[in-house]
Amino acid sequence: MSAFAIATVPRPARPGTIAMDPARKLSLFEQHVIPHLNAAYNLARWLTRDSHDAEDLVQESYLRAFRSFETFEGGDANDARAWLLTVVRNTCFTWLKRKGGQPTVEFDEQMHNAADASPDAESILVNQAALASLNTCVEALPLEFREVIVLRELEELSYKDISGIAGVPVGTVMSRLARGRARLRQCLAGALR
Amino acid sequence: MNCQTARQMMETNDPALEDHLRACPSCILRTQARYYEAPPGLEGRVRQSLRREIAPREPWRWMAIAASVLLAGSLAWNVALVRSGVDARQVLAASVLSAHIRSLAATHLLDVPSSDQHTVKPWFNGKLDFSPPVKFLAGFPLLGGRLDYFDGHPAAALIYGRNKHVINLFIWPSTPTAETEQTRNGYNMRTWSGSGMTFWAVSDLNATELRQFVSLYRQPD
């Protein structure tokens, strides 16, 4: 076995085979999926904007992930994290939808352009006072932008992984990221005024 | 420079950092936005709920047999009562009370013994097609939860304590019903409905304290 194999998460079971021994399944799951608890919580916390709800949803997500662990196709630690985050994302979205009141994506092109046209947008960003408002501005982003921003900037996932998690094409991920960043600039500039 | 080196430079206050941040808005997020770490205790709760998930189901099979025998018996009894013209609500009250007494008599008070609402609530997921509100109530510690069956529905039973008394709070989805209070065989019972669910609180607790329990539970969060 090569050294690389140590970091590799095996595929728990092939479809159509007899269900694996629960104790072995649990030990594989604990070894490879539990370590991504912080990532799961961070995503749920940013999506729900509430620590209580995030805790409940992370627990629910882990149960769901465990029940469908057989669907995980194996891979490295990053694949295991992306797979878990897909479950967390879907659990949170289902919950948010049921709860209602989540604004859908509607993007104001004028605002977008105005933000881009501002010449010192970046210098505004490094201003300390603006940084203080950064978290508030991320929270204020519409869900679809917040999702890709958190996955990209905080989890540092690839566009391909984000596309899989959010269930949208890579092109959409990239445009949402660009729009999300533009909105952030706009929000931070507003916070400074 | 990439964002990783930028993050390391945060600590050293290197002037080159500011130039990089100006050029790279991602870095600002990566170095400045809050990363929420899982609160302590969450990992333990996750592991616990996974253990429960793989716990052997043998006792369940035995309980399922016992439950079907009880159910068949109670169905026959209910049919007899309906034929005899007894008010359906009183029949329900009687079966709620039986469930309360049965839960205390058998060794089946709690399926999920936990005083933590974040353990009890997720436990019901996948077992019920509704989400019972599990609340923390001052003076009435949560003891745990259990699955039950009433009126043709699976029901959630939340178990709260008060000194040495046990309160069973049964919840299942239903159309709104009238709010009532009654005493049967020395047990106090209160029922009400809301959010598409019917609630029955049963206990040998005195009527005043049970009323207090109900009003605490019904307080909006």
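## Nonpolar cores

A nonpolar core is a set of buried Ala, Val, Leu, Ile, Met, Phe, Trp, Tyr and Cys residues joined through side-chain atoms within 4.5 Å, where buried means under 20% relative accessible area (1.4 Å probe, protein chains only). This is a predicted model, in which local features need pLDDT of at least 70 and side-chain atom pairs count only at pLDDT 80 or more, while totals for chains, interfaces and linings use all residues. Side-chain values use heavy atoms, leaving out hydrogens and water, residues are numbered from 1 along each chain as its sequence is written, and chains are lettered from A and ligands numbered from 1 in the order in which they are written.

The largest core holds 63 residues, with A:Phe29, A:Val58, A:Tyr62 and B:Leu50 having the most contacts inside it. Helix 5 (residues 77–99) of chain A gives the largest share of this core, 11 residues; helices (H or I, at least four residues) and strands (E, at least two) are DSSP runs, numbered from the N terminus. A second, separate core of 39 residues includes B:Ala157 and B:Trp192.

## Strand 3 of chain B

Let's turn to a strand. Strand 3 (residues 153–162) of chain B is largely enclosed by the rest of the structure, because eight of its 10 residues are buried.

Strand 3 of chain B runs antiparallel to strand 2 (residues 142–150) of chain B, joined by eight bridges; two strands pair if DSSP finds at least two bridges between them. Here B:Ala155 is the bridge partner of B:Asp148. Strand 3 of chain B also pairs with strand 4 (residues 165–173) of chain B, in the antiparallel sense over seven bridges, and B:Ala156 stands opposite B:Ile171.

Notes
Buried means under 20% relative accessible area, exposed over 50%, partly exposed in between (1.4 Å probe, protein chains only).
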